[in-house]
Amino acid sequence: MIVQKQEPFDWGYTSITSLDGPHSDMLLDFGILKLKAGEHTSCTLPLERAWMLLKGKITFSWDEGSATSERQSCIDESPVVLHAPSSVPVTIKAERDCELVVERCKNEQSFPVRFYDKGDVKTEVFGAGVLQETSNRTVRTVFDGESAPYSNMVMGEVINHPGRWSSYPPHDHPHPEIYHYRFFPRQGFGISVLDEDAFVVHDGDTSLIKPDTTHSQGAAPGYAMYYVWMIPHLPGDKWLPTTRYYRNEHTWLLEKGVKVWPEIPATME
């Protein structure tokens with residue numbers, strides 16, 4: 001389903017999914033935090049937590065250290081993220097007006113607080129060399145079950161190039177997933193295809209992807225579609241880079257040099 005943004009996000013924290021409230025089947029707390037320059041907030045929640053800076057300049061502080069960074073464009077620059085275990089006190093101060101994605105989940109395992117600056121995030125181009133480049137997209141993975149096995153969740157982002165597709169060919173996995181969208185220019189739009197249902201998505205909307213549901217995305221020509229992707233691990237089943245199960249009828253699309261418009265054989269006389 002799609003959670004549509006009806007109005008601009010307010011200053012402070014706006015909850016979109018909740019572990020103990022709306023959309024609890026996503027198994028994540030997810031929301032948007034906006035702070036004005038000079039404002040700060042502290043968090044000691046008994047949950048694993050991650051804060052991703054979308055834009056602005058921020059200082060994160062915790063018992064063992066602090067870090068300051070900024071981000072002007074989530075299209076052109078890699079993310080800035082603080083990842084913290086349950087109950088560890090974290091303070092977030094806006095050096096300039098800031099907007100952040102907040103992801104939280106249940107996790108009793110202790111691990112060191114980790115700050116990811118732009119150079120610490122893995123960036124890959126998916127879809128190159130196949131389908132006449134129609135599914136090229138930039139994928140930035142902050143942490144997942146492979147790089148952070150102590151975590152109970154995954155965080156990353158995708159740049160869906162204008163007129164192209166992402167999360168394609170159609171695939172699924174047993175984990176629920178959340179996509180949160182931004183468009184450049186802001187009046188842009190795209191399509192979120194969940195199994196056989198297609199939804200138009202706009203800036204600030206969120207797609208809630210149920211387990212075992214394919215979730216291909218498309219950006220309208222002329223508009224770049226950015227989205228944050230968040231996945232909770234399941235008991236005994238962590239999401240890994242290999243946890244993408246392509247639907248059998250579409251696996252032929254992964255072959256290098258595949259002809260998507262087959263030649264018509266000559267008619268026999």
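Me: When do two strands count as paired, and how are strands assigned?
Reply: Two strands pair if DSSP finds at least two bridges between them. Helices (H or I, at least four residues) and strands (E, at least two) are DSSP runs, numbered from the N terminus. The model is predicted: local features need pLDDT of at least 70, side-chain atom pairs count only at pLDDT 80 or more, and totals for chains, interfaces and linings use all residues. Residues are numbered from 1 along each chain as its sequence is written, and side-chain values use heavy atoms, with hydrogens and water left out.

Me: How many helices and how many strands are there in the protein?
Reply: The secondary structure was assigned as DSSP runs. On that basis the protein has zero helices and 22 strands.

Me: In what order do the four strands of the open sheet stand?
Reply: The pairing in this open sheet is antiparallel. The order of its four strands is 14-20-17-18.

Me: Why is one side of strand 14 and of strand 18 left without a neighbour in the sheet?
Reply: Strand 14 (165–166) and strand 18 (197–202) each have a single partner strand. One side of each is therefore without a neighbour, because both stand at the edges.

Me: Which residue of strand 20 is the bridge partner of S166?
Reply: Strand 14 pairs with strand 20 (residues 215–219) in the antiparallel sense over two bridges. In strand 20, the bridge partner of S166 is Q217.

Me: How many residues of strand 21 are buried?
Reply: Buried means under 20% relative accessible area, exposed over 50%, and partly exposed in between (1.4 Å probe, protein chains only). From strand 21 (residues 224–232), A224, Y226, V228, M230 and P232 point one way and M225, Y227, W229 and I231 the other way, and all are buried. The count is nine of nine.

Me: Which residue of strand 21 is the bridge partner of V158, and which is that of Y181?
Reply: Strand 13 (residues 153–160) pairs with strand 21 in the antiparallel sense over eight bridges. Seven bridges join strand 16 (residues 177–184) to strand 21, again antiparallel. The partner of V158 in strand 21 is Y227, and the partner of Y181 there is Y227.

Me: What radius of gyration does the protein have?
Reply: The radius is taken over C-alpha atoms, and the globule rule is 2.2 Å times the number of residues to the power 0.38. For 269 residues, a compact globule would have a value near 18 Å, which agrees with that of the protein, 19 Å.
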